[in-house]
Amino acid sequence: MIIQVISAFIATAAFSILFYLPKKYILNAGMAGGLGWFIYLLAMNSCKDKAFANLCATFIVALISHILARVYKTPVTMFLIPGIIPLVPGAGMYQIVHSFLYSEIDSAANYFFETLKMAGAIALGIFVVDTFFRAMINKKKN
Amino acid sequence: MNYKTLFKTAMLAGEIMAQSGAETFRVEDTMIRILKTSNLQGVQVYAATTGVMATLSDPNIEPISEVLRINNRVNNLSRINEVNQISRDICDGMISIEEAYDKLILARNKQTYSRFIIAIATIVSTGGFAGLFGGSIIDCIIAAINGLIIVMIGKILGKRVESYFMIDAAKSFSIAAITMLCTVFINNINSEIIIIGSIMPLVPGIPITNAIRDTLQGDYMSGTARAVEAFVISVGITIGIGFGMGFFNLLERMFVL
């Protein structure tokens, strides 16, 4: 598991370069990605539900991105996008195609709904944290 | 105050942000903030993924308005960051509008990383993603080789083929075909992990994240546009993988028979 988290860190940091993230934020983005994957693995260990694990991990990643964005006074996107990447259901896409190719329609449908659920979990995680921080800003303004 | 220059600056800021993959509300917010420094009454901005328009009006002046079509969107977070910083400086009165305009032009033309670094990053990230999904060292190395192939295909096709859909399909096709070939020659490798790790650089991370945030913000036009963008990219990748694996299947059968 430690190896997986370390590779999540490396992968996210390298990946953020593909999005032209400024140099000074690369380590932070890598940390967000590594932490997100760590939470995902922890949640997977305890409840074995991918969508729930995705929800927990997205929640933490979004929270950290918002905090880092406040600290560095940059847009939240800087940390949110690299951090979310390990959680994006690329595996689901592969499994859908694989099942289709080998005519396993049942499992293809299964993977399709699982992928949808995971994407929905990511959306929900981001949504909750975004709303929370927006509420804080609105409160400050009043 | 020269309203024309101010307006040009705001439009340029919006253009760079929209081109670099910023969320729609950020594009609008940045432009509104810059235009509001004029203290005029009528400030209207509308932004979408494919275009930006704005109007600056007041009873005392001739209204200025402009429509700008956005083509060639490339995800570039450091440009978003820089434009964000410049607009903050304008609002705080730290720099003049003329300076800001020059800085924006510089930001638009700045190359953050060289092609070589991007290539290295692609290779490292595919290898890293294979490790993230629980692959062994050999899996990571094969995924890294796939990363190199993604870079090479991008270089060959990037200038010749206009459609991103076909480029993505070609990339994932070669990933799948090469990985399946490797399974013949090397024992104990996990083709699933390698393929999933290698397609990660193609996966539409920015469109997905922005689709969610735009939709929840109430920008339904941009939200759906980005969701469709993400969907089309995913379909391109899946078709590529499907063809790659089907192609290998065919070869396998031909050689067995």
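How are H2(A) and H3(A) arranged relative to each other, roughly parallel or roughly antiparallel?

Analyst: This is a predicted model, in which local features need pLDDT of at least 70 and side-chain atom pairs count only at pLDDT 80 or more, while totals for chains, interfaces and linings use all residues. Residues are numbered from 1 along each chain as its sequence is written, chains are lettered from A and ligands numbered from 1 in the order in which they are written, and side-chain values use heavy atoms, without hydrogens or water.

Helix H2 (residues 26-47) of chain A packs against helix H3 (residues 50-72) of chain A at about 155°, and their axes are 8 Å apart. Helices here are DSSP runs (H or I, at least four residues), numbered from the N terminus; axes are lines fitted to C-alpha atoms over the stretch in contact, and angles run from 0 to 180 degrees between N-to-C directions. H2(A) and H3(A) are therefore roughly antiparallel to each other (over 145 degrees; roughly parallel is under 35). Their crossing is right-handed, meaning that the near helix is turned clockwise from the far one by less than a right angle.

Where the two helices are in contact (heavy atoms within 4.5 Å), the residues of H2(A) include A:Leu35, A:Ile39, A:Tyr40 and A:Cys47. Among those they meet in H3(A) are A:Phe52, A:Cys56, A:Ile60 and A:Tyr72. By class, this contact has 16 nonpolar, three polar and one charged residues. Here Ala, Val, Leu, Ile, Met, Phe, Trp, Tyr, Cys and Pro count as nonpolar, Asp, Glu, Lys and Arg as charged, and the others, Gly among them, as polar.

Two cysteines in this contact, A:Cys47 of H2(A) and A:Cys56 of H3(A), deserve attention. A disulfide is a pair of cysteine sulfur atoms within 2.5 Å, and by this rule the count over all chains is zero. A:Cys56 is in no disulfide, and the nearest cysteine sulfur, that of A:Cys47, is 6.8 Å away. With a relative accessible area of 21%, A:Cys56 is partly exposed (between buried, under 20%, and exposed, over 50%, with a 1.4 Å probe and protein chains only).

H1(B) passes H2(B) in a right-handed crossing.

Methods
Angles under 35 degrees count as roughly parallel, over 145 as roughly antiparallel, 65 to 115 as roughly perpendicular and the rest as oblique.
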